[in-house]
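Good morning, colleagues. Please look at the sequence and structure now.

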Amino acid sequence: MTPDELRGLFLFESLDDDQLAWLAEHGVEESFARGAELLTEGEPATCFSVLLEGSVSLLRAVGGERAEISRTDHRGAYFGATQAYLQDEGATRRNYLMTVVAVTDVRLLQLPAAEFGPAVRSWFPMGIHLLEGLFWGMQNTQAVVGQRERLLALGSLTAGLTHELNNPAAAAVRATASLRERVAGMRHKLALLAGGAIDPAVLPSLVRLQEEAVERVAKAPKLSPMQASDREDELADWLEDLGVTGGWDLAPILVTNGLDVEWLQRAVTQCPATATEAAVRWLAYTVETEALMNEIEDATTRVSTLVGAAKQYSQLDRAPFQVVDVHELLDATLVMLGGKIGHGIEVVRDYDRSLPPLPGYAAELNQVWTNLVDNAVAAMAGTGTLTVRTALDGDRLLVGIADTGPGIPAEVRGRIFEPFFTTKPVGEGTGLGLDISWRIVVDKHHGDIRVISAPGATEFEVRLPLRQG
């Protein structure tokens, strides 16, 4: 290329004649066909490249696969040995940091890094000193803050998951201890039967009643406190009239599990009068044992659900890039953040279940949902409504995460995606959450993320393409 042609590129427009002449002498024009790999991540960074014509795709290796970071056809865009000017080059600086592939036929200006780097340092010594200080300082700062951000997020998720797991686990332990006592009581009744204290002829009737009682446990109606109290009083009086001792203790158990006076009146007529109290107590043991087993089943199912949600959230056993149901990702994130969301915030799921599957990096999308939900919860300070919605927006999938907090002030709304910018108090935020979310959605998935905010109604809208690009 001639010096005048080089001056037409925005990168070189301010260089003097001698500098342009140096570039014209050392630069080489090369053409590549569509699909050619122009440079490969990890290989020695030997060339500084400037795009003259065509379109290229920049890729990074993520989880064993190449992910597109960006794509450009802008004349003058540069890549390759972009940090050749750094004097203190570490091992990572001597290698290409990404792979570049030609999307169309392309034409490049290639400059040898070993010659280009010293030339730039000699042309702009003060600028290079400033750039080196900024580069190394930002790199060190971002490494430290990024590590802290990940540790804080991990600690928060771990605390929330531990809290969520503790409740059903403790319920299962309590129910198991109570079940042991009830089983011991039933063994005692069997001992009385074996000893002749209970007529063996009564046993078939008791077993039939037992089976009917178990069926009623599963269908027991949900009673209000007032309804339950009235039925317990009625049943306790009836048991007392029947001569059953301790009826006030048995009544709550029987009522809670769906056995009322009407059913018990019919049940006791199937047993001899001498066995009435034994039959009632046998039924009480039966329904309470069944209820405790149901409680244990619910608790262990809850634990299993939480573990499944953690597995879905972490995506540890899944391929980095996959086609997923976005609702499974959102639900897993909400479960993982359940402890942080708390009881004062109502969660509304407004899902369009007819949406097609979403191609993307599931684990990284979960990080986006985590950042957005965490910010929404923090904005509401423990009270409000969190709405998570999905919809089809043209050829893209829309995920909206809204809160009823005070809103984002208009004067800072344009800066919320900047690295290290945060509206949270000192020590509560690093300012990287939304920056990371932006990079994942926009740079990696070629989607869009924006915010609409007013007092009492703030929503982050994430739009993701439904077709692999």
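A381 counts as exposed, because its relative accessibility is 67%; exposed means over 50% relative accessible area, buried under 20%, and partly exposed in between, with a 1.4 Å probe and protein chains only. This is a predicted model, in which local features need pLDDT of at least 70 and side-chain atom pairs count only at pLDDT 80 or more, while totals for chains, interfaces and linings use all residues. Residues are numbered from 1 along each chain as its sequence is written, and side-chain values use heavy atoms, with hydrogens and water left out.

To continue with A381: this residue has a positive phi of about 55° although it is not a glycine. Most residues other than glycine have a negative phi. A381 sits in the loop between α12 (362-380) and β12; here helices (H or I, at least four residues) and strands (E, at least two) are DSSP runs numbered from the N terminus.

Which loop holds H446? The loop is the one between α14 and β14. H446 also has a positive phi, near 55°, and is not a glycine. With a relative accessible area of 34%, H446 is partly exposed.

I turn now to the sheet. In the order β10-β12-β13-β15-β14, 5 strands form an open sheet with mixed pairing; two strands pair if DSSP finds at least two bridges between them. At its edges are β10 (345-350) and β14 (448-454), each of which pairs on one side only. On average, neighbouring strands of this sheet are turned by 15° against each other, direction ignored; axes are lines fitted to C-alpha atoms, for helices over the stretch in contact, and angles run from 0 to 180 degrees between N-to-C directions.

How many bridges join β14 to β15? There are 7, and β14 runs antiparallel to β15 (residues 457-465). Within this pair, D448 stands opposite R463 in β15. Helix α14 (residues 433-444) packs on the sheet and touches β14 and β15, its direction making about 135° with that of β14; contact means heavy atoms within 4.5 Å. Helix α10 (residues 326-336) lies across β10, β12 (384-393) and β13 (396-403), and runs at about 165° to β12.

Finally, the whole chain. The protein chain has 14 helices and 15 strands, and buried residues make up 41% of its 469 residues. Among contacts between residues at least 6 apart in sequence, 75% join residues at least 24 apart.
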